Amino acid sequence: MKKLLTGNQAFSQGVKLARVRVITAFPITPQTSVVEELAKMCAAGTLQAKFIRVESEHSSMACTAAASMTGVRTFTATSSHGLAYMHEMLHWASGSRLPIVMVNVSRAIGAPWSIWFDQSDSLSQRDTGWLQIYCATNQECLDTVIHAYRLAETILLPVMIVSDGFILSHTVEPVELPTQQDVDAFLRPYVAKYKLDPKDPHVFNILAGPEDFMGMRRISQEDMEGAVTVLKETDTEFQKTFGRSYGLLEAYGLEDAETVMIGLGATCETAKDVVDDLRQKGMKVGLLRVRLFRPFPAEEIKQVLYGTKRVAVIDRAVSIGAGGILSQEIKQALFNTEYMPEVFSFITGLGGVDVTPELLNRIFLQTMEASENPTKGFWMEASS
Amino acid sequence: MIEIIFYGRGGQGVVVASKTLAEALFYEGKYVQSFPAFGGERRGAPVKAFLRADNKVIRRRSLIYRADHAVILDDTLFDEVPIRDEVTGAHSIVINSASPPGRFVEIGAACIGTVDANAIAENLGLGTPVMPMVNSTMLGAFAKVSRMVDIKSLAHAIQKNISVKPDDNISGAGRAYDEIKESKGDIHGQA
């Protein structure tokens with residue numbers, strides 16, 4: 001059945017269908033309506049979950065992690081400053097190997113104050129040991145929640161699902177609601193291998209000596225890399241069950257493309273229209289949407305970009321003093337490859353600057369015509 | 001693809017108007033995308049909402065800067081917001097105003113309609129006399145002038161999206177549909 005849903009409502013429906021048992025909540029724009037909707041479901045009894053209102057995002061993640069340690073499926077959602085405030089506990093969740101799923105509805109981080117979209121919140125948490133998946137449509141928001149639990153509970157690492165604040169979160173569009181029966185077939189109840197149980201006492205996270213500590217970090221790295229294979233396999237099953245799949249990357253018009261735009265999230269949907277326009281004019285352009293950002297699918301990116309001459313990266317987050325974050329990752333993935341396209345960084349859309357088809361069109365043309373490639377990237381501050 | 005802008009004031013139900021029309025078009029098999037102008041909403045301050053409709057999946061996710069159709073819930077907004085820049089050349093514009101459409105012809109649109117939605121809303125007890133709720137009433141006006149959506153689909157969508165006095169809201173839409181005065185112009189502004 002298709003319904004009109006906002007991105008945030010799509011997330012809430014996904015959480016309900018995934019039969020989550022503990023939800024922790026602290027409000028922050030533009031995430032708030034995700035947990036508001038879940039609160040209503042819990043109050044109405046349509047979702048049998050414990051809904052815990054906490055006093056901060058730091059507590060929210062601490063509480064989610066503790067609940068996850070008891071062997072139940074857990075969820076929380078946040079944005080921007082809330083995610084930044086969780087930073088310490090994000091490490092505790094991943095280090096404890098807890099299959100938490102969290103939604104981050106992206107928003108710029110102050111100062112100055114901003115409520116609008118960019119990706120500096122989630123991208124600045126890229127080193128916390130969480131998987132990161134970026135969504136481009138409300139349908140993908142819903143589907144990814146269901147898929148993320150399967151993934152998290154298979155590899156025992158937490159997953160952060162990222163959507164574009166307002167652009168997806170507050171936008172209504174048609175979304176196909178999967179049946180509970182199909183979701184139950186794809187996502188079985190979570191059975192924890194290790195859990196806190198008063199009848200069978202265990203301890204999580206005692207002091208670890210140097211060798212034990214370092215060995216655990218290596219295992220996390222190996223398991224995180226293994227997520228690529230798990231995601232590919234479960235994606236096939238997702239496709240069979242629901243008739244949709246998303247993969248690690250989304251390639252659009254890449255077959256013979258000489259100039260390729262790369263981005264994260266819903267900006268890439270707008271870019272598809274631009275690719276179609278330019279292709280009609282005979283230009284060999286394409287689009288690559290990076291859906292899985294952690295683990296970063298470097299091998300797959302290398303393969304799909306083989307033969308590409310120039311790459312335009314849409315950077316909606318910047319590491320001040322180093323440059324666009326996504327372009328750094330792309331450059332690293334392509335480094336030391338036999339055939340390396342030239343990578344141009346376009347820093348744009350910060351703090352809610354509207355990324356229009358006209359702007360993306362300009363970025364394509366500038367990439368094709370550029371005679372210099374500044375290491376600090378091109379700053380594109382105007383929408384039109 | 002058709003792009004529509006709704007103009008109103010915080011508290012007038014501008015976002016609900018966009019969502020409700022989206023729902024009505026969705027019933028008629030269209031792909032739709034409805035979203036507010038992103039920002040903090042304050043009661044009485046100018047606000048906008050957007051709507052896209054198409055026969056295929058809508059991928060564009062930027063704001064709308066040029067409207068194919070416009071719905072204006074308060075005619076005093078013209079003095080405060082640069083509406084003209086965004087609606088000149090539109091196929092249709094419907095305005096909540098007690099003035100005849102001729103007053104707005106210089107905007108330059110294929111068709112301009114005005115209806116005293118405040119009076120209809122007040123008469124039906126929608127909202128308060130200080131701030132009548134005219135959103136569903138104006139959708140009825142839009143249905144007539146734009147010819148984009150059937151009034152029955154609209155009634156169905158109002159029933160589903162507006163929880164306070166849905167039946168009176170449907171009546172308001174019906175009355176605006178019947179009462180709106182249209183002025184056919186060309187896009188250069190001659191009546």
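Read along the sequence, chain B of this predicted model follows the pattern β-α-β-β-β-α-β-β-α-α-α-α-β, in which helices (H or I, at least four residues) and strands (E, at least two) are DSSP runs numbered from the N terminus. Along its principal axes, the C-alpha trace of chain B spans about 40 × 40 × 35 Å.

Residues are numbered from 1 along each chain as its sequence is written, while chains are lettered from A and ligands numbered from 1 in the order in which they are written. As the model is predicted, local features need pLDDT of at least 70 and side-chain atom pairs count only at pLDDT 80 or more, whereas totals for chains, interfaces and linings use all residues.

The secondary structure of chain A comprises twelve helices and 17 strands.

Chain A is divided into domain 1 (2-242) and domain 2 (249-380), with bounds that come from an automatic or database domain assignment. The centres of the two domains, taken over C-alpha atoms, are separated by 27 Å. Across the boundary, 26 residues of domain 1 are in contact with 20 residues of domain 2, contact being defined by C-beta atoms, placed from the backbone, that lie within 7 Å. On the domain 1 side, the elements that give two or more residues are α5 (120-123), β6 (131-134), β7 (159-164) and α8 (210-242) of chain A, and the largest share, five residues, comes from α8(A). By class, this side has 17 nonpolar, five polar and four charged residues, where Ala, Val, Leu, Ile, Met, Phe, Trp, Tyr, Cys and Pro count as nonpolar, Asp, Glu, Lys and Arg as charged, and the others, Gly among them, as polar.

Two helix pairs of chain A were examined. Helix α1 (residues 7-17) and helix α6 (residues 138-155) of chain A pack at an angle of about 25 degrees, with their axes 8 Å apart; α1(A) is therefore roughly parallel to α6(A), a term for angles under 35 degrees. Residues of α1(A), including Phe11(A) and Val15(A), meet residues of α6(A), among them Leu142(A) and Ile146(A), and the contact divides into eight nonpolar, four polar and no charged residues.

Thr270(A), Ala271(A), Asp273(A), Val274(A) and Leu278(A) in α9(A) meet Pro357(A), Leu360(A), Asn361(A) and Phe364(A) in α12(A).

Between the chains, 17 residues of chain B are in contact with 20 residues of chain A. The elements that give two or more residues to the chain B side are α1 (14-27) and β2 (31-36) of chain B, with the largest share, six residues, coming from β2(B).

Definitions and conventions:
Two residues are in contact if their C-beta atoms, placed from the backbone, lie within 7 Å. Axes are lines fitted to C-alpha atoms, for helices over the stretch in contact, and angles run from 0 to 180 degrees between N-to-C directions. Angles under 35 degrees count as roughly parallel, over 145 as roughly antiparallel, 65 to 115 as roughly perpendicular and the rest as oblique.
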